[in-house]
Amino acid sequence: MSQMNTLLEVSGVSVSFDGFRAINNLSFQIGPSELRAVIGPNGAGKTTFMDIVTGKTRPDEGRVLWGEKSISLLALNEAQIAQAGVGRKFQKPTVFEEQSVRENLMMARRAPRSWWAVLTFRASAQDRTRVEELAQEVGLQEHLDRVAGELSHGQKQWLEIGMLLAQEPRLLLVDEPAAGMTPQEREHTTDLLVEAAKTRAVVVVEHDMEFVRRLNCKVTVLHEGSVLAEGGLDHVTANPDVIDVYLGR
Amino acid sequence: MRKSFVAQNPSVLVFLICLSLFTVVVTVLAEGFGVGALSTSFIKTLGKTLCLCLVAIAMDLIWGYCGILSLGHFAFFGLGGYMVGMWLMYARTEIIVEGALAQGDIPPTPQEIIDGIGNQIFGVVGSSDFPVVWTFADSLMSQLLLVLVVPGLLALVFGWLAFRSRVTGVYLSILTQAMTLALALYLFQNDSGLRGNNGLSGLQNLPGVTAPQSAVSLWFFWASALALGAGYILSAWVVSGKFGSVIRGIRDNEARVRFLGYPVESFKLMLFTLTAMIAAVAGALYYPQAGIINPAEIAPIASIYLAVWVAIGGRGRLYGAVLGAAFVSLVSTWFTGGQAPDINLGFYTVQWVDWWQVILGLSFVLVTLFAPKGIGGLFDLLKREDKA
């Protein structure tokens, strides 16, 4: 129907772990350049949702369609999904701590991924410039040759966002980017995500309502594995069901 | 401007200089060439040690850099030895048999010669027919090719099955132990085609070569040094660029590498196969110096020793693997060779042949607990003092 303005379409997806329905008939759509916040209480299925889209978890039923050609992501493995253009940032910053910021970014940078291509890879001037630009963007230009393990928590988060941008994904899945950050760091992170969403789809999973308010975007509320409400933040927070789930506890 | 490979990896140059100096000094001191201060058997020990350093580099690539604790790489080492051993044994026996048959009145037919060789080689396991695996044994080039092909194929098939099923960590280690054990047990059988527990022997004698062992031992020593140097450069190149980044990434966080879009399994498979082939080359040079290969060589414990060398030397750096293998295997030779004097405590005599194993085991535990960087970690201390 609306293939032009849908990048990812998840429909009727369910998955159970040992009888527990983590995702229950979930449907979700996002356009090619859209910022979306996904909120919901613990156990609402936010992380499982990301696991399904990135190929880590196989759903029991449902469809996950991607791109103009509506290819099924369920037929691809994690690496193929990432190559198709889905980037993921984990809750805990996961950068390669024993390698330099430069190496981390270069590894993430979009380029052929086969072992042969990687073995014979030689960084072009363009590659190196792009890595430096990315470092600039996430505020790590001073730290390019430092080992990632020495960075502060916030810097690691940015490095990971920089790595995601380096992948040039069409969809960015970001899990709790603001966790453990100082107010200034949060502001920087918000800017990065808003900027990124101008050219691609960004889905931010977040607990923190204040952070979500600052993103100023459409919000999807998950509860018990399905969508409870969707719309602007003020709209969904006025929804009695959402109030029940969030404030009734 | 892009820095050259050597400029980026100064340790490669340092290593090559040390290796060349060592080779020259040993050559000058050797019995077969220079002063004669080093006996032929000691030259062989040194040559073998260089081969062990090479297989330790392979182990370091797969374990230290990629985090795959393979406890089966000595199987590939041994297979490499078998492949080259088959030609050595065949060609030398052929010369002997031809010589013996030429004594007769009528010149022997080709079939008689082949039967004679078969009798000589397989008489010990009660057979005289050539098994299929000896099809190419008469051709040196084919057997040298098989040194790479056979272990490479085994690693490819084994790795494909294991990595595709995402077997990792200790389960993979157990699986590789099972592989080398299965191979050893198979080769122990008399009808395996490789002379059962007798193995292949007389490998130190090069067919058609009349030069004395003192010279031959030096040739192999040089060849081993050359192979070690080449293997070191190759490995340093493999781990230096983006490929090195990716495999270290796989070691530290495999799932993350997958989400970056890298097909982790094919990287592991490629590296597993490459290191198997490096190990095989090392084995092919080692066993002609050892003179004999039998299935006991690829018993599971051998591959575990390999991991111990790399751990003691310092994994995740190539010179660490070389130092560990050289140090531990030379000390081991000294202790188990009977040179170390037994210590009589009156109530108990410490026999080093037995106690060496205990010391080795203890030092492995101590290194793992207190010095995870191994001997190579000492170089970090030096570097830090330079900076200070």
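The model is predicted, with local features needing pLDDT of at least 70 and side-chain atom pairs counting only at pLDDT 80 or more, while totals for chains, interfaces and linings use all residues. Residues are numbered from 1 along each chain as its sequence is written, chains are lettered from A and ligands numbered from 1 in the order in which they are written, and side-chain values use heavy atoms, without hydrogens and water.

**Interface**

Chain A brings 31 residues to the contact and chain B brings 24 (contact: heavy atoms within 4.5 Å). About 2,700 Å² is buried between the two chains, 62% of it on carbon and sulfur atoms; buried area is the accessible area (1.4 Å probe) that two parts lose on being put together, summed over both. On the side of chain B, the greatest losses of area to chain A fall on B:Lys242, B:Arg256 and B:Phe259, together 31% of what that side buries.

Between chain B and chain A there are 4 salt bridges (a side-chain nitrogen of Lys or Arg within 4 Å of a carboxyl oxygen of Asp or Glu). Over all chains the count is 28. One pair crossing between chains joins A:Glu78, in helix H2 (residues 78-84) of chain A, to B:Arg166, in the loop between helix H6 (140-164) and helix H7 (169-188) of chain B. The closest N and O atoms of this salt bridge are 3.0 Å apart.

**Pocket**

The second largest pocket holds about 610 Å³ of space. On a 1 Å grid over the protein atoms alone, a pocket is an open set of points where a 1.4 Å probe fits, with protein on both sides within 12 Å along at least five of seven lines; lining residues have an atom within 4 Å of a point. Of its 25 lining residues, B:Leu52, B:Tyr286, B:Tyr305, B:Trp309 and B:Ser332 lie nearest the centre. H13(B) gives the largest share of the lining, 5 residues.

The table gives the lining by class, with Ala, Val, Leu, Ile, Met, Phe, Trp, Tyr, Cys and Pro as nonpolar, Asp, Glu, Lys and Arg as charged, and the others, Gly among them, as polar.

| Class in the pocket lining | Count |
|---|---|
| Nonpolar | 15 residues |
| Polar | 8 residues |

Conventions
Grid points are joined across faces, edges and corners, and a volume is the space filled by probe spheres set on the points. Helices (H or I, at least four residues) and strands (E, at least two) are DSSP runs, numbered from the N terminus.
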